[in-house]
Amino acid sequence: MEECRFETSELQASFMTATPLWYDSWSLCEVADRTRSIQIHRIAGIMYVALPAVEITQPDNLVVLEVAGDGYFSAFSTSLPSNEPPPMVNGAIRDLFVSSALHIQSQITQGLKMEERKQVVITGHSTGGSVAALTALWLLSQPSKPSFRLLCITFGSPLLGNQSLSSSISRSRLAHNFCNVVSIHDLAPRRNDDLWPFGTFLFCSDNGGVCLDNADSVRRMFFILNSTGTPNIEERPRYEHYVSTFSHQFLVSRSFSGGSLSDNSYQAGVALAVESLGFSRDNPSGVSAKECIEAATEITRAPIVRSSELAIELGNVLPSRLEIQWFKDSCDGSPKQLGYYDNFKVMSKREMKVNMSRAKLAKFWDGVIRMVEKKELPFDFHLGKKWVYASQFYQLLAEPLDIAYFYKYDYSRTKGHYMENGNRHKRYVEIDKWWKEKGEPHKEKGARTRNASTTQDTCFWAKLEEAKECLDDMKSESIDEQRRYLLWKRIVGFESYANTLVKMKEVSVDVLARNSSYSVWVERLSEFKIKNGNMVADDAMEF
Amino acid sequence: MAFPILTGINDPVTSWSWRASTRAYSTDQYFHKEEEDETVIYAFKPSFSKKDWFAPENMSSFGEIKMNRDHFPCMRSFSKDLDATVNEAFLKNLEVLFSTSFSDSVKTVVDSRRSQRIVFTGHSSGGASAILATVWYLETYFKKQSGVFPEPLCLTFGAPLVGDYVFKHALRREDWSRFFMNFVTRFDIVPRIMLAQKASTNQTLPYALSQLNHTVSIQENDQSTAGFYATVMTDVETAAHEASFGNDKIMFSEENSSHLELSPYRSAGTFVFSTGTRLVSMNNSDAILQILFYASQSTNEQELSQRPYQSIRDHRSYQEMLDSVAMESLHHLPLDGVYVLSDFGLTKHAKKCVHAAFEADKKRVDNQSKIDAKLPRIVAKLTWIEKDYKLRCRTLRKGYYDSFKESNEEEDFIANVIRAELAGSFDEVLVLLKKGQLPDGFEGRSVWINLATRYRRLMEPLDIANYHRFSKNEDTGSYMEKGRPNRYKHAQRLYEHDLLIKAGRTAEEIQASSYGSFFWTEYEELRGKQYEYDEERVKKLEELLEGCIRDKEVDDEHIFLEGSSFRKWWHSLPEHHKRYSPLQERMNYIRDS
């Protein structure tokens with residue numbers, strides 16, 4: 001089911017400029033710059049914090065944002081792939097931020113104490129805006145989410161940091177808290193090509209405005225503006241002019257009533273957006289601007305479209321998941337008391353069918369993981385509740401079968417165990433990461449009164465297979481004491497780990513089935529212990 | 001969309017209503033009644049004192065309040081389970097009306113059966129009273145389709161906005177929207193006032209209201225009026241832009257909106273705008289909002305400086321509108337194309353926004369056809385469960401609830417897949433409804449209500465079985481409190497609404513019938529407990545069961561089978577209980593299949 005597709009870059013801009021937010025922000029920035037001091041005021045129920053612009057003479061010098069340890073940003077989750085550089089910010093801006101952060105925070109906390117509507121706008125012009133952005137980022141990434149709603153509005157501010165900073169902010173779902181107002185004549189935000197934009201950019205011209213909200217499109221627009229060589233006119237009056245025109249003269253129509261209008265409102269919207277930037281539709285930069293705006297719409301929409309397509313596919317593979325669930329349930333109820341892990345290894349007709357379902361699900365999830373990797377899905381896709389849970393349910397049910405399959409067909413001493421040598425499939429590694437990142441594993445809900453419906457450690461069976469091998473090796477005559485010690489340690493380690501899971505009822509009933517590999521192993525272990533006396537353990541202790 | 005209620009714009013009832021509305025000015029009553037042939041007109045007297053526009057004790061930013069569900073049961077959204085919001089002062093004016101002979105008078109008209117048509121009309125805030133009086137009439141008389149009542153017609157002239165999008169949605173869902181027609185001259189300030197925050201017009205409103213009154217003369221070039229106008233239009237602009245996003249709003253604007261207080265009010269029914277040379281009618285509330293803003297724009301400073309004065313004058317020029325507009329030039333949007341908007345001096349940009357609002361409507365209709373195209377597949381699945389699966393379970397003498405809960409056979413697996421697939425289909429519709437991406441009338445259609453009811457009765461027991469099979473009641477809580485999916489809650493609301501409207505059932509009867517959905521979860525919960533502790537609940541279950549069976553909420557062919565776990569449980573109850581149980585007869589009788 002589709003939504004109606006409109007060109008929204010210009011609508012966003014019209015909306016933004018129609019709100020009192022930007023007028024009030026600008027007015028306070030003016031005062032801050034004039035008095036060279038932080039201004040904090042309540043206007044119409046909203047608390048505004050304006051930071052003054054400060055002349056920065058040294059060149060952009062990037063410093064690493066300390067996201068670990070006990071620095072300011074220790075709680076900021078970057079979730080960067082390990083091969084990307086760490087997030088970095090302008091060092092001079094960082095120093096300015098450090099000098100005012102705590103003061104601003106305490107002012108906000110005090111100011112909001114008595115207020116029912118807790119809303120804050122942090123703003124600044126030029127470098128003041130950059131400091132404002134870093135302050136906002138800090139407030140938003142506190143270990144406990146702030147108790148107020150926060151918006152950061154900058155005017156003609158230099159960019160704050162590198163690409164990693166920008167993508168970390170998007171991934172942490174914080175980008176929508178930032179709005180950057182940029183005059184098409186202003187060079188300040190697009191002077192340094194190594195720095196990356198984040199948040200929404202509102203480009204203003206005399207004819208109106210356009211909002212772009214992904215970093216690639218913003219960079220592209222910077223590039224177009226750089227190449228047209230629009231003069232860098234004195235900036236402060238420009239912003240003053242835009243703010244007062246859009247806020248007070250909104251009843252003066254800015255586009256002509258004549259001219260043709262495409263019947264397709266998307267096309268019409270793009271054409272109007274290009275005009276709003278002051279470009280003529282026909283000249284080369286107008287054409288580039290048009291392409292840029294179209295691409296921006298596409299970039300914003302494509303991942304959304306793709307994720308709704310995936311939702312339908314998820315529905316299509318649902319029967320496969322239910323089939324495995326059904327297989328598990330009937331194994332649990334069967335008098336064979338083997339559990340679905342061991343039953344699956346039998347690979348008779350029914351298991352073959354289940355195996356096809358396993359393969360189908362694996363293919364679907366591999367596709368999802370690939371799309372996430374290639375950034376074809378919304379940045380925060382894997383944080384969405386629906387997908388975190390869907391992937392989790394899948395993994396809990398299916399990974400034991402993957403392990404069973406591995407030990408039946410693939411395992412050899414040279415290839416190594418499931419958990420070794422990258423034998424475990426990447427999709428599970430990724431899903432594990434999503435689950436951790438979601439950051440709310442099982443809340444302590446009190447003890448389980450019944451066994452979990454699926455074993456909570458999806459690698460339980462792989463660990464058992466290793467322990468099984470250890471026990472077999474122990475029985476062999478040809479191993480030396482050193483090795484025996486290590487094997488025994490692993491056996492005892494797994495034994496106590498498994499005991500805990502069983503006691504907590506974190507394992508599903510299939511693990512405890514009378515004839516399951518686990519039950520058999522437990523039995524063999526106790527036989528082994530009796531045969532060898534507690535000697536083994538005692539001897540081992542003496543090493 | 002046609003306007004069957006009015007034979008045309010030159011229907012004499014229009015100008016008659018206007019005349020009645022002006023005569024209402026001088027009544028010392030709150031309403032004025034005229035009667036001729038088969039038509040009765042009630043015209044309401046407007047007020048120009050602030051307390052009648054914003055209730056003084058109301059603390060909300062736009063003077064709004066939720067409607068009372070007991071008095072206005074239809075005025076809500078089922079997908080969001082939300083009551084409509086209206087301006088409290090206008091609602092109070094309606095209450096004042098009820099302290100007069102108004103409702104008796106209407107009753108006499110209805111009972112006399114002489115009239116074919118009953119018109120509610122008014123100018124200015126009198127129009128707001130007319131709108132709410134019409135809603136009251138529809139809720140009181142019209143919804144019960146037993147008995148024939150005269151169709152209402154609500155004609156307003158320069159009325160303020162009264163309700164929010166739920167108000168609008170409910171009227172359209174019930175197909176009542178067609179009874180409302182609002183005339184608005186191009187610059188009239190009154191339909192725009194409710195879009196502005198109460199606090200921002202607090203100072204200037206009393207004076208502006210005094211200027212709006214027909215009976216006093218207007219001041220030209222008045223600073224106070226100019227200030228009032230500018231304040232109102234600022235908020236009109238924000239509201240118009242906000243509405244034009246539709247669902248395409250990106251996260252940033254979402255965050256942005258959360259910092260702002262935006263007017264909840266939206267237009268309801270048809271709006272007929274006068275451009276000065278012709279009349280343009282439309283009923284898309286987003287498009288209407290765009291017109292309310294963009295029709296005030298101009299490139300000409302001189303013209304703009306006249307606007308505050310015009311915005312007052314236009315509120316008083318409905319007589320001229322009716323006199324001067326050539327009656328044959330009524331245009332309908334979107335039918336007649338946006339070119340008719342040129343008369344409003346709309347820019348390309350404005351036309352695009354209006355056009356987009358209509359396109360969004362078209363999209364909603366498209367979505368509906370896509371859903372409708374899927375219905376046969378849904379029906380086929382339901383039929384399989386009803387016919388094949390249930391029959392098979394009956395032959396096993398077990399009932400489909402127990403069979404599904406045990407899930408031993410291939411058929412149980414297929415039933416489970418179907419359960420999951422149907423859940424997906426109904427969840428998808430619910431999401432679209434919540435996001436407003438289906439026509440307002442979608443869920444009001446009997447075909448949908450019947451399908452959703454059939455789905456709920458048939459499949460909910462399976463969901464309950466599934467819930468208890470995986471002991472989710474331990475993890476999550478009881479099914480009814482924590483586990484019941486919204487798709488069933490929604491389906492039940494629709495069903496109960498339908499009962500209320502069509503069958504005229506009382507609230508108590510509906511309450512009793514709703515117990516049907518509790519049957520299986522109540523059984524599951526009681527089953528694990530000792531009879532002594534829950535004697536009352538067991539008795540209640542037994543007592544209400546007959547009614548549920550009668551209403552087809554519970555399938556008696558299945559629950560009394562020999563293999564039914566419900567039957568087994570009942571037999572395990574103490575003898576002294578069974579002896580007096582209303583189920584005794586059914587339980588001792590073994591049905592032949």
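**View 1. Strands E1 and E2 of chain B form an antiparallel pair.** In this predicted model, strand E1 covers residues 31–36 of chain B and strand E2 covers residues 39–44. Six bridges link the two strands. B:Glu36 stands opposite B:Thr39, a residue of E2(B). Two residues lie between the strands of this hairpin. B:Asp37 takes a positive phi there, near 45°.

**View 2. Chain A meets chain B.** On the chain A side, 65 residues are in contact with chain B, and 64 residues of chain B are in contact with chain A. The size of an interface is often given as the accessible area lost when the parts come together. Here the two chains bury about 5900 Å² between them. Carbon and sulfur atoms account for 60% of that area.

**View 3. A salt bridge joins B:Lys348 to A:Glu275.** The two side chains meet at 3.4 Å, N to O. Across the interface of chain A and chain B, three salt bridges are found. Six residue pairs, both at pLDDT 80 or more, are in polar contact between the chains.

**View 4. Helices and strands of chain A supply the side that touches chain B.** Helices H1 (9–18), H2 (20–35), H8 (265–276) and H9 (284–333) each supply at least two residues. H9(A) gives the largest share, nine residues. By type, the residues on this side of chain A divide into 27 nonpolar, 21 polar and 17 charged.

How values were computed:
Residues numbered from 1 in each chain as written. Chains lettered and ligands numbered in written order. Predicted model: local features only at pLDDT ≥ 70, side-chain atom pairs only at ≥ 80, totals over all residues. Heavy atoms only, no water. Contact = heavy atoms within 4.5 Å. Buried area = accessible area lost by both parts, 1.4 Å probe. Salt bridge = Lys/Arg side-chain N within 4 Å of Asp/Glu carboxyl O. Polar contact = N/O pair within 3.5 Å; in protein donor to acceptor, adjacent residues only side chain to side chain. Helix = DSSP H or I, 4+ residues; strand = E, 2+ residues; numbered from the N terminus. Nonpolar A, V, L, I, M, F, W, Y, C, P; charged D, E, K, R; others polar. Pairing = 2+ DSSP bridges.
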